Amino acid sequence: RWISRADLALLDAADAVLANLDFFRGAEPDSGTCFEVGYAVARGKPVYGYVPEGGSLAERIRRRCPQHLGEDAGVDAGGWELEEFGLPLNLMLAVPCVMVVGDAEAALQRLRADLDARRLTA
C-alpha cells in the first residue's frame, strides 16, 4: 500500500509523465503503467508515451506477437477483433498521450522540446 500511495504522490508532484508503453508480458503495455497514465491524464498532466516501432496496434501484434493471432489475421486467438484505428495502442492510451516512436531518450527529447515551446509562447 505504501508503494501505491508513494507512486500517486509522485504523479501528483510531476509536471509531466513519460511512460514506456511497449508490450509487456503479452501484446499490451504494463497494467500498472496504464493506470499511471490514466491517473496522470485525469489530473491534467501531459503524458508522453513511447513504443519502439511504428504501425497500428494490430500491425504491431501481427509483427511481434503472432502467437496471439487467430486463424484470420483480423482477430486474436480468442476470436476478438484486433483494434485497427491506425494507432500504436488502444485508443484510450494513444489519444490522450503524445505518442513517440523510439526509446525513452527520444520521448524525453520530445517532452523537453514541447515544454520549451510552451514556455516561449506563454
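Trainee: Which residues of α5 are buried?

Mentor: Keep in mind that this is a predicted model. Buried means under 20% relative accessible area. In α5, the residues that qualify are Ala107, Leu111 and Leu115. They cover an arc of only 70 degrees around the axis, so they sit on the same side of α5.

Trainee: What do the buried residues of α5 pack against?

Mentor: Their partners are β1 (17-20), β2 (47-51) and β3 (98-101). On the other side of α5, Leu120 and Thr121 are exposed.

Trainee: How many residues does α5 have, and what should they span?

Mentor: Count 1.5 Å a residue.

Trainee: Which residue caps the N-terminal end of α5?

Mentor: Look for a side-chain oxygen by a backbone nitrogen. Here Asp103 does the capping, with its oxygen 3.2 Å from the backbone nitrogen of Glu105.

Trainee: Let's move to α2. Is Thr33 buried or exposed?

Mentor: Thr33, found in helix α2 (residues 31-42), is buried because its relative accessible area is 15%, and the cut-off is under 20%. Not counting residues up to four places away in sequence, Thr33 touches Ala19, Asn20 and Leu21.

Trainee: Which residues touch the most other members of the largest nonpolar core?

Mentor: That core has 14 residues, and the answer is Leu21, Val37, Val47, Leu89, Cys97 and Met99. Helix α2 gives the most to this core, with three residues. Apart from it lies another core of seven residues, including Phe23 and Ile61.

Definitions and conventions:
Residues numbered from 1 in each chain as written. Predicted model: local features only at pLDDT ≥ 70, side-chain atom pairs only at ≥ 80, totals over all residues. Heavy atoms only, no water. Helix = DSSP H or I, 4+ residues; strand = E, 2+ residues; numbered from the N terminus. Expected span 1.5 Å × (residues − 1). Buried < 20%, exposed > 50% of the residue type's maximum accessible area, 1.4 Å probe, protein only. Arc of directions from axis to C-beta. Contact = heavy atoms within 4.5 Å. Polar contact = N/O pair within 3.5 Å; in protein donor to acceptor, adjacent residues only side chain to side chain. Core = buried A, V, L, I, M, F, W, Y, C linked by side-chain atoms within 4.5 Å.
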